[in-house]
Amino acid sequence: MQARPFLTEANRDYYAGSLMLVIGAVTVWQGAGYRFGSLTRMGPGFFPVALGVLLALLGIAIAIGAVRKRSGVETAVAAPAEWRAWACILIGVAAFVVLGKYGGLVPATFAIVFISALGDRDNTVRSAFVLAVAMCIVAVVVFWWLLQVRLPLVGWG
Amino acid sequence: MIEQSLHALWQGFGVAVEPHNLLWVLFGVFVGNLIGVLPGMGPLSAISILLPLTYAMAPVPAILMLAGIFYGSQYGGAIGAILLNLPCHPPHAVTCLDGYPLTLKGKGGTALGVTMIASFFAASVGIIVMIFASPLLVQIAFKFGPAELFSIMLLGLIAGGTMSSGSPVKGVAMAVVGMLLGVVGTDPNTGVSRFTYGMTTLADGVQLVALALGLFGVTEFLRNVNRLKVSGNASIGVRDMLPTRAELKRAFWPIVRGTSIGTLFGAMPGTGPTITTFIAYAFEKRISKNPELFGHGEIAGVAAPEASSHSKTQVDFIPTMSLGIPGDPVMALLLGALLIHGIQPGPALITQHADIFWGLIASFWIGNVLLVLLNVPLIGLWVKVLQVPYRYLYPAALFFIAVGVYSTNNSLFEVGEVLVFGVIGAVFVALKFPVAPILLGYVLGPLVEENFRRAMFLSQGDPIVLVQHPISAAFIGVSVLVVGVQIYVALRGLKGSAAISPT
């Protein structure tokens, strides 16, 4: 089942360096849209462009390091990807944002706890449900009543 | 001048023991300790989760409470490291090396007791250093112009990036990414909106709390889910924590040496706590008469690193408060908290907000006393808390993060920011980037830009000014030295010798 991992010791730094290079290049490209100015009177574009160039150079340095390191031995076996758990956590937070706007505090709280709890293999639907209900009570008592968070309990925002 | 400091300190104690403030310190230490004990939660997550709670508070109790959370969670982390071999905060990784073997030998209680003595001693020394060094530093700090400020921040960023953990180049790259995130928003000098892409909610920039909770909350959950298995059922009583006379004797000099190392590194901006504890451990092992015992439950291997991290923590507050330059990511977060409360750290802080500065110092000591008083009776509770399964912990923590960030500015958009930074952080972690320097870069970025701009304006665009001023030249020199040493080590490492890099 364990397919060849996407990230290995040998190519990880290569991707890492490339990512920095891309971020740097995009920054320079976007930053060039702002006035650059001179050293004496710097425009808003000066600092971001300078940082972008620096980041791109660092990216190249990281990638070169990766090429040199190729001979490196394969050490620890990477832990398997947890796609379901990752998706549950991210969807849970996104659900809080959406339900916070259109549903109110209680549905948002229930959603973030319930959905993210399902990400753990040891949680059953039942245990996730109980946990979510418990957190809803905490939300109402502590955050809504004691700390006066400005979200309606239930309602259409 | 010393007399004046002592007088101010006396008044500081007056501020700190006001019942109202004392209560918040106690609350902070307790909650910090509790969160620190929880698997997978460190000081950064503890402070960021509780930061929004302080918005409604007056600045003095708010800062006192946050500081309490900080050292409470730091001590709490040691409990998990020693009893369960779980280093939830990177500096404790070293503590595990000898702390966990001690637990296996049934000496876990002793290790905790020694840790407590070590941290109390180290924190006390750190506080004394703070009392005497801060006024001196303030006098120098008043001479700081834009060039000096730029240079010292440059040093802080380089040191923070290269000395955090993992590859130095990657650390510096993360500091640069952090500075870029600091650029987002309205440019204070020209009023131009940068990198906002028409989103008015981004005009005020990326929110510190959202960034911190994304990087240290969501990212950690993504990394640990289904992987962090909490096991073991240690039971520790108060009696077990009392070390014997012989054990105390063995631990005494390691504690003193660890404290000195921590103090030294605390004074250097940017050197992370992880590297400090590693050096303290390595030093102890090197000078030990029987180094082969290290890694198998040597009490000195617990005492020295814990002492170094606690004295470093205290001394770190000196550059943070007197220069406005945070030493490490936790300090960066506290600095951000000060700014949110309308307090600009810097030399003027000590003169204008004397109540905050000296109250904070006094509260450190009181907080450390409270920490000892709390931990002796509550150790049984902490051991129970340690066993909270991760599958209940992270969904609940996610909720606290979401609602905490929302309440910062009543903005759901910022909860969305947490999500984005969580994903970005997870990608960086997968690529083995250290994420902590991002926070340092984010906080320092706007200050770096502002001071560089001013320095260049004053010198008519002549960068030579950075090395003409002696103080500035010294910082630039050290920065070059740090980079040079790293390049040297990297080149030597390529030639084949195994590199020693703390994770």
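**View 1. Helices α16(B) and α17(B) lie oblique to each other in this predicted model.** Their axes cross at roughly 135° and come within 7 Å. Oblique covers the angles left over once those under 35 degrees are called roughly parallel, those over 145 roughly antiparallel and those of 65 to 115 roughly perpendicular. Each axis is a line fitted to C-alpha atoms over the stretch in contact, and angles run from 0 to 180 degrees between N-to-C directions. α16(B) passes α17(B) in a right-handed crossing. A crossing is right-handed if the near helix is turned clockwise from the far one by less than a right angle, and left-handed if anticlockwise. From α16(B), the contact draws on Ile401(B), Ala402(B), Val405(B), Tyr406(B), Thr408(B) and Asn409(B). Leu412(B), Glu414(B), Val415(B) and Val418(B) come from α17(B). Contact requires C-beta atoms, placed from the backbone, within 7 Å. By class, seven residues are nonpolar, two polar and one charged. Nonpolar means Ala, Val, Leu, Ile, Met, Phe, Trp, Tyr, Cys and Pro; charged means Asp, Glu, Lys and Arg; the others, Gly among them, are polar.

As a predicted model, it is read with limits: local features need pLDDT of at least 70, side-chain atom pairs count only at pLDDT 80 or more, and totals for chains, interfaces and linings use all residues. Residues are numbered from 1 along each chain as its sequence is written, while chains are lettered from A and ligands numbered from 1 in the order in which they are written.

**View 2. Helices α2(B) and α4(B) run roughly parallel to each other.** α2 spans residues 19-37 of chain B, and α4 spans residues 59-84. The axes come within 6 Å and cross at roughly 30°. Here too the crossing of α2(B) past α4(B) is right-handed. The contact holds 18 nonpolar residues, 13 polar and no charged. Helices are DSSP runs (H or I, at least four residues), strands are runs of E (at least two), and both are numbered from the N terminus.

**View 3. Chain B meets chain A through 49 residues of its own and 58 residues of chain A.** On the chain B side, α8 (168-183), α9 (208-224), α16 (390-409), α17 (412-430) and α18 (436-458) each supply at least two residues. α16(B) gives the most, with 11 residues. The chain B side comprises 34 nonpolar, seven polar and eight charged residues.

**View 4. Met42(A) sits in the loop between α1 (9-31) and α2 (46-68) of chain A.** Met42(A) is buried, with 23 other C-beta atoms within 10 Å. Buried means 20 or more such atoms within 10 Å, exposed 12 or fewer, and partly exposed in between. Beyond residues up to four places away in sequence, Met42(A) touches Gly37(A), Phe47(A), Arg453(B) and Met456(B). Met135(A) lies 93 residues from Met42(A) in sequence and 51 Å away in space, C-alpha to C-alpha.

**View 5. Chain A has five helices and zero strands.** An automatic or database assignment sets the domain bounds. Domain 1 covers 9-71 and domain 2 covers 83-146. Their centres, taken over C-alpha atoms, are 38 Å apart. Of the 157 residues of chain A, 38% count as buried. Among contacts in chain A between residues at least 6 apart in sequence, 62% join residues at least 24 apart.

**View 6. Ala490(B) lies in helix α20 (residues 470-494) of chain B.** Ala490(B) is partly exposed, with 16 other C-beta atoms within 10 Å. Ile279(B) is 211 residues away along the chain, and 19 Å separate the two C-alpha atoms.

Key. Two residues are in contact if their C-beta atoms, placed from the backbone, lie within 7 Å.
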